[in-house]
Amino acid sequence: MIEGPFLVALVPGGIVLLLTWWLRKKDFPLFVRNVPGILTLLVAITLFYIGFVRIRGFEGGAYGILAFFLLLFSIVSFIIAKPQKHKLSCKYLGVKSSTIT
């Protein structure tokens with residue numbers, strides 16, 4: 001029963017993770033990198049609401065499980081998008097690279 005909603009969430013979740021990784025790789029601002037995770041979170045909340053309030057029953061439970069997996073993908077997206085810790089380079093120290101060993 002869990003395999004269906006998981007497989008349905010795998011495609012948009014994979015797209016969200018790839019988009020977040022690409023935005024981080026291109027060094028976009030933090031807000032832009034968080035947009036895919038925020039949109040996925042809003043979709044998960046909406047799906048949970050539809051499944052719990054509108055549909056109810058076993059069919060609504062499938063929506064809830066789908067929302068749970070999308071929520072997990074959203075959390076991973078936020079982890080990927082967090083600010084990078086830059087390494088200290090010689091350029092920022094103001095010294096030549098030959099003096100640092």
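Which pattern does the protein follow when read along the sequence? The pattern is α-α-α-α, and the secondary structure comes to 4 helices and 0 strands. Helices (H or I, at least four residues) and strands (E, at least two) are DSSP runs, numbered from the N terminus. The structure is a predicted model, in which local features need pLDDT of at least 70 and side-chain atom pairs count only at pLDDT 80 or more, whereas totals for chains, interfaces and linings use all residues. Residues are numbered from 1 along each chain as its sequence is written, and side-chain values use heavy atoms, with hydrogens and water left out.

The protein exposes about 7500 Å², of which carbon and sulfur atoms supply 73%; accessible areas come from the Shrake-Rupley method with a 1.4 Å probe, and for residues only the protein chains shown count as cover. Among contacts (heavy atoms within 4.5 Å) with a separation of 6 or more, 67% join residues 24 or more positions apart.

Helix α2 comprises the 26 residues 30–55. At 1.5 Å a residue, α2 should span 38 Å, and its end C-alpha atoms are 36 Å apart, which agrees; the expected span is 1.5 Å times one less than the number of residues. At proline 36, α2 bends by about 35°, the bend being the angle between axes fitted to the seven residues ending there and the seven starting there. The buried residues of α2, including Arg33, Pro36, Gly37 and Leu47, pack against α1 (3–25) and α3 (57–81). Arginine 56, which follows α2, has a positive phi, near 60°.

Serine 77 lies in α3 and is buried, with a relative accessible area of 1%. Its side chain makes a polar contact with the side chain of threonine 20 (2.8 Å). A polar contact is a pair of N or O atoms within 3.5 Å; within protein, one must be able to donate a hydrogen and the other to accept it, and residues adjacent in sequence count only if both atoms are side-chain atoms. Apart from neighbours within four places in sequence, serine 77 is in contact with Val16, Leu17, Thr20, Pro36 and Gly37.

Terms used: Buried means under 20% relative accessible area, exposed over 50%, partly exposed in between (1.4 Å probe, protein chains only).
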